[in-house]
Amino acid sequence: MASAQMSTMVVMTSTLHIEHPVRDFDSWKGTFDGFHDFRVEHGVRSYRVARGVEDDSRVTIDLVFDDEDGASTFHRLLVERVWSRQRAADVLTGAPSAVV
């Protein structure tokens, strides 16, 4: 019996990890969902949203990109075009922290 060879392909991606407190999760989530096309247009491949168990006003978002450059560029866009808007100020209770 011949043994089958397995081929493994490893694809490296980069994640932009964001944490921030929100005033009201449902309002924040509505705003987040409203930026779906913005995320797709700027290279977000997938994302995960989580809330704290002890503090459900604390939100964690992981945005996945093809590479580090895409994640870093998107972070800059968030700072310049999204987090600086009144719409963001209405749902956030502090400055977001982010790391690639």
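What follows goes from the ground rules to the strands, the core, the helices and the aromatic rings.

## Ground rules

This is a predicted model, where local features need pLDDT of at least 70, side-chain atom pairs count only at pLDDT 80 or more, and totals for chains, interfaces and linings use all residues. Residues are numbered from 1 along each chain as its sequence is written, and side-chain values use heavy atoms, with hydrogens and water left out.

A few words come up again and again. Helices (H or I, at least four residues) and strands (E, at least two) are DSSP runs, numbered from the N terminus. "Buried" means under 20% relative accessible area, "exposed" means over 50%, and "partly exposed" is in between, using a 1.4 Å probe and protein chains only.

## The strands

Start with strand S3, residues 58-65. Seven of its eight residues are buried, so it is mostly covered. Two strands count as paired if DSSP finds at least two bridges between them, and S3 has two such partners to look at. Strand S1 (residues 14-21) runs antiparallel to S3, with eight bridges joining them. In this pairing, His 20 stands opposite Val 59.

Strand S2 (residues 46-51) is also antiparallel to S3, and here there are six bridges. Ala 50 has Thr 60 of S3 as its bridge partner. To get from S2 to S3, the chain makes a hairpin through six residues.

## The nonpolar core

Which residues have the most contacts inside the largest nonpolar core? They are Leu 16, Trp 28, Ile 61, Leu 63, Phe 65 and Phe 74, in a core of 21 residues. A nonpolar core here is a set of buried Ala, Val, Leu, Ile, Met, Phe, Trp, Tyr and Cys residues joined through side-chain atoms within 4.5 Å. The elements giving two or more residues to it are S1, H1, S3, helix H3 (68-82) and helix H4 (86-91). H3 gives the most, with five residues.

Now zoom in on Ile 61. If you skip its neighbours within four places in sequence, Ile 61 is in contact (heavy atoms within 4.5 Å) with a list of residues including Leu 16, Ile 18, Trp 28, Phe 32 and Val 49.

## Helix H1 and its buried side

Helix H1 covers residues 25-33. Its buried residues are Phe 25, Trp 28, Thr 31 and Phe 32. They sit on the same side of H1, because they cover an arc of only 125 degrees around the axis (the arc is that of the directions from the helix axis to the C-beta atoms). The general idea is simple: an α-helix has 3.6 residues a turn, so residues three or four places apart point the same way. The buried residues of H1 pack against S1, H2, S2, S3 and H4.

Take Thr 31 as an example. Its relative accessible area is 15%, so Thr 31 is buried. Apart from neighbours within four places in sequence, Thr 31 is in contact with Arg 87 and Val 91.

## Aromatic rings

Rings of Phe, Tyr and Trp (its six-membered ring) pair if their centres lie within 6.5 Å; planes under 30 degrees apart are stacked, over 60 edge-to-face, and the rest tilted. That rule gives six aromatic pairs. Why is the pair of Phe 25 and Trp 28 tilted? Their planes are at 40 degrees, with the ring centres 5.6 Å apart. These two are three residues apart in H1, so about one helical turn separates them. Phe 25, Trp 28, Phe 32 and Tyr 47 form one aromatic cluster.

Another tilted pair is Phe 38 with Phe 74, at 5.6 Å centre to centre and 45 degrees between the planes. This one links distant parts of the chain: Phe 38 is in H2, Phe 74 is in H3, and they are 36 residues apart. Phe 38 is buried at 16% relative accessibility, and Phe 74 is buried at 1%.

## Charges over rings

A charge sits over a ring if NZ of Lys or CZ of Arg is within 6 Å of the ring centre and within 35 degrees of the ring normal. Arg 39 lies over the face of Phe 32, at 3.8 Å from the ring centre. Arg 51 lies over the face of Phe 25, at 4.0 Å from the ring centre.
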